[in-house]
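Hi everyone, thanks for coming. I'd like to walk you through one model today, from the overall layout down to a few side chains.

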Amino acid sequence: MEDHRDEDFVKPKGTFKAFTGEGQKLGSTTPQVLNTSSPAQQAENEAKASSSIAIDESEPTTNIQIRLADGGRLVQKFNHRHRISDIRLFIVDARPAMAAMSFVLMTTFPNKELADESQTLKEANLLNAVIVQRLI
């Protein structure tokens, strides 16, 4: 045993060891969507898509929030008689880059794929709902 009380402490140099393990990615493995349009062009597309939806104010209406695969969010007013296919067309009009991609529409909780696009929003129980777009 040696006496080192009168010496200054020098921290030993640590050795660098790079990470060699493997990571586990959480969530779906959907590809990253690249947004190539400018914000002004995107706003113009969303306004055009919104005006393409014919709303009859004499009939009951609902707001649908759509969470897009690219991280964006759209909110649109629909009549109860509008169909799920109208929501798909709205998304493609609002984001033209989505027309070339295949995607499904799903509810949030419980997660359920909206496979029958001929259903009305009322039949599908989507009044004031949040819909999530998933790329396939």
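So, the protein has two helices and four strands; helices here are DSSP runs of H or I with at least four residues, strands are E runs of at least two, and both are numbered from the N terminus. Reading from the N terminus, the order is α-β-β-α-β-β. The radius of gyration is 26 Å, well over the 14 Å that the globule rule gives for 136 residues, so the protein is more spread out than a compact globule. That radius is taken over C-alpha atoms, and the rule is 2.2 Å times the number of residues to the power 0.38.

Before going on, some housekeeping. This is a predicted model, where local features need pLDDT of at least 70 and side-chain atom pairs count only at pLDDT 80 or more, while totals for chains, interfaces and linings use all residues. Residues are numbered from 1 along each chain as its sequence is written, and side-chain values use heavy atoms, with hydrogens and water left out.

Back to the overall picture. Along the principal axes, the C-alpha trace spans about 95 × 35 × 25 Å. Of the 136 residues, 29% count as buried, meaning under 20% relative accessible area; exposed is over 50%, and partly exposed is in between, with a 1.4 Å probe and protein chains only. The accessible surface is about 9,900 Å², and 52% of that belongs to carbon and sulfur atoms; areas come from Shrake-Rupley with a 1.4 Å probe, and for residues only the protein chains shown count as cover. Among contacts with a separation of 6 or more, 60% involve residues 24 or more positions apart, a contact being heavy atoms within 4.5 Å.

Now the rings. The structure holds one aromatic pair. Its partners, phenylalanine 78 and phenylalanine 90, sit edge-to-face, 6.1 Å centre to centre with 85° between the planes. The cut-offs: rings of Phe, Tyr and Trp (its six-membered ring) pair if their centres lie within 6.5 Å, and planes under 30 degrees apart are stacked, over 60 edge-to-face, the rest tilted. Phenylalanine 78 belongs to strand S2 (residues 73–79) and phenylalanine 90 to helix H2 (residues 84–94), so the pair ties together parts twelve residues apart in sequence. Both of these phenylalanines are buried.

Another ring has a charge over it: arginine 88 lies over the face of phenylalanine 103, 4.4 Å from the ring centre. That label needs NZ of Lys or CZ of Arg within 6 Å of the ring centre and within 35 degrees of the ring normal.

Next, threonine 62, in strand S1 (residues 61–67). Is threonine 62 buried or exposed? Threonine 62 is buried, at a relative accessible area of 3%. A polar atom of its side chain lies 2.5 Å from the backbone nitrogen of asparagine 128. Leaving out residues up to four places away in sequence, threonine 62 touches several residues, including Phe78, Leu121 and Asn128.

Serine 52, in helix H1 (residues 39–52), is partly exposed, with a relative accessible area of 43%.

Last stop: isoleucine 136, in the segment after strand S4 (130–135). Isoleucine 136 is exposed, at 69% relative accessible area. Beyond its neighbours within four places in sequence, isoleucine 136 contacts Ser102, Phe103 and Val104. Happy to take questions!

Notes: A polar contact is a pair of N or O atoms within 3.5 Å; within protein, one must be able to donate a hydrogen and the other to accept it, and residues adjacent in sequence count only if both atoms are side-chain atoms.
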